[in-house]
Every structure is written in C-alpha cells, then in structure tokens.
Amino acid sequence: MGLELVVIVLIVILGAAFGSFFNVIIYRVPRKESIVFPSSHCPQCNQHIPFWLNVPILSYLLLRGKCKYCGAKIHWHYFIVELITPLVFFAVFFSLHDLGWLVVLKYLVFFGMGICIFFIDVFHQIIPDVISLPLIVIGLLFSLLPNMDVDLMHSLIGGLVCFLFFFLLGLAYYFLRKKEGMGGGDVKLITAIGTFFGFPDALFVIVLSAVLAIIVIPFIQKDKSKVFPFGPFIIGACLLHVMVGRQIMEAYLNMLSNI
C-alpha cells in the first residue's frame, strides 16, 4: 500500500510538471517558436514568470487565472492540460503496469505527445509534422525492444496499413468531392498509431475514433459545413483502447463465436 501511494504521488507530480511543458508546446509549436527560448513569460506583457509563480495547477488557482503583472487572463487550457496530464498518466500506468515498465513508458510518451496534438488540433486545426512524424519513428523503435506489447512486424504492418488506407481514402474523397476530406496531419497521426498499437489493434482504434466522432460532433457543432478536427477523437479512442479496448475486443469476439 505504501509503494502504491508513492507511485501515485510521483505520477501526479511528474504528470503536472509535464503538463506545464506540454502547454509550452501547445502554445509555441503552431506559432513556430522555440520551446526552449525565451523562458516562461506572459504573452501579453512579456514579463518573465519566475518559478514560484509557475507551479503547475496551484499557480493558476492562486492567481485566479490572471497574470500577476498585467492582469491579463490566462487561457483555461493551461489549467486543464496540467490537470488532465496526471490523470492520463495515471490511467496508462494502472492499465498497463502488468505488461512492464517499458510498455508503460512507451504509452506515456505517446499520450504526452497526444495531449499536445489534441489541443493544437482543437485550437488550430493542424497536427504539426514536428510531433506526428517523430511518433512514427518512436513507435517503430519501441517495437525493437524485448518484451514489448507490439513486435516489429506488427508495428510495421500497422503503420503501413493505416497509412495506405487513409492516404487512398483521402485521395478518393478529393477526386470525388474536389476538396480535402482528411488532412495530411491526420494521416501521419494514424500512421503513428499503427506503429504504436500494431495490427490489428490500430484498426480497432480507428473504428472507435469514428464512432466517437459520430456520437459527439452533432452535440458540439451545429454547422455541418464547418470542418471539425478529427485528431482529438483519435487520441480519445487511443486512451479508451488502452483502458478497456482489449476487454471490448474479447467480448466482441466471444459474442461472434457464440452466434
């Protein structure tokens, strides 16, 4: 019990700290700014933010969501990202720790970048190559390690099948409708999912993301002519798959076998 408490505390602390860093990525990468320099500062008054005013979660609450120096509002996503990152890390650890630390690390890396992709796509409708392309390579590299949940063959097949299917699907949509139906960023992200989750799990994630989009979009977007980012649904489906996906797949296969 003592060890479990220590692990939980570490996950919360590390998750909140990484969430703070993810906020830097979410803000600066779409603007093509360095994520290293300059150091943390208010985007309105450019005042440097010292470390004691930059404590994840707590600083936002204590400052009531405003800059100490100029009073400008701090966007709500800073608080949300710092809050959900420990929760996502917590879910990954307790869903996968039986598979070993390397597997946990693999998906912590994926969902860390996934959180960045989620919010960048929501705010800017883009999935930057600087995030999605390295994920493809990282997924393949993890598959080379021993005792991983996805071996190299399944990682390669997953990435190749996902890329070809959605590349050809997007191409067909463009020729039929004369407009882009799926962005290149989505295709690269789905390819990365193929290398991380392997074949056939990646296909389950894709189907689940489509189901989530069909259910959720009508409630949050009334204007059907507007493009809605698909990346958040892909990341959400990935998290659901890690938490309960295999149980759903097993239940579905058992149901088919009994028909």
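Among contacts (heavy atoms within 4.5 Å) in the chain between residues at least 6 apart in sequence, 67% join residues at least 24 apart. This is a predicted model, in which local features need pLDDT of at least 70 and side-chain atom pairs count only at pLDDT 80 or more, while totals for chains, interfaces and linings use all residues. Residues are numbered from 1 along each chain as its sequence is written, and side-chain values use heavy atoms, with hydrogens and water left out.

The chain has nine helices and zero strands, where helices are DSSP runs of H or I with at least four residues and strands are runs of E with at least two. Its radius of gyration, taken over C-alpha atoms, is 20 Å, close to the 18 Å from the globule rule (2.2 Å times the number of residues to the power 0.38) for 259 residues, so the chain is as compact as a globular protein of that length.

| Property of the chain | Value |
|---|---|
| Box filled by C-alpha atoms, along the principal axes | roughly 65 × 55 × 35 Å |
| Accessible surface (Shrake-Rupley, 1.4 Å probe) | about 15200 Å² |
| Part of that surface on carbon and sulfur atoms | 72% |
| Buried residues (under 20% relative accessible area, 1.4 Å probe, protein chains only) | 39% of 259 residues |

R28 is found in helix 1, which covers residues 2-28. R28 is buried yet has no salt bridge, the nearest side chain of opposite charge being E33 at 4.5 Å; a salt bridge would need a side-chain nitrogen of Lys or Arg within 4 Å of a carboxyl oxygen of Asp or Glu. The side chain of R28 does, however, reach the backbone oxygen of S34 at 2.9 Å. Leaving aside residues up to four places away in sequence, R28 touches E33, S34, I35, V36, F37, P38, S39, S40 and H41.

Technical notes. Buried < 20%, exposed > 50% of the residue type's maximum accessible area, 1.4 Å probe, protein only. Lys, Arg positive; Asp, Glu negative; His and termini not counted. Polar contact = N/O pair within 3.5 Å; in protein donor to acceptor, adjacent residues only side chain to side chain.
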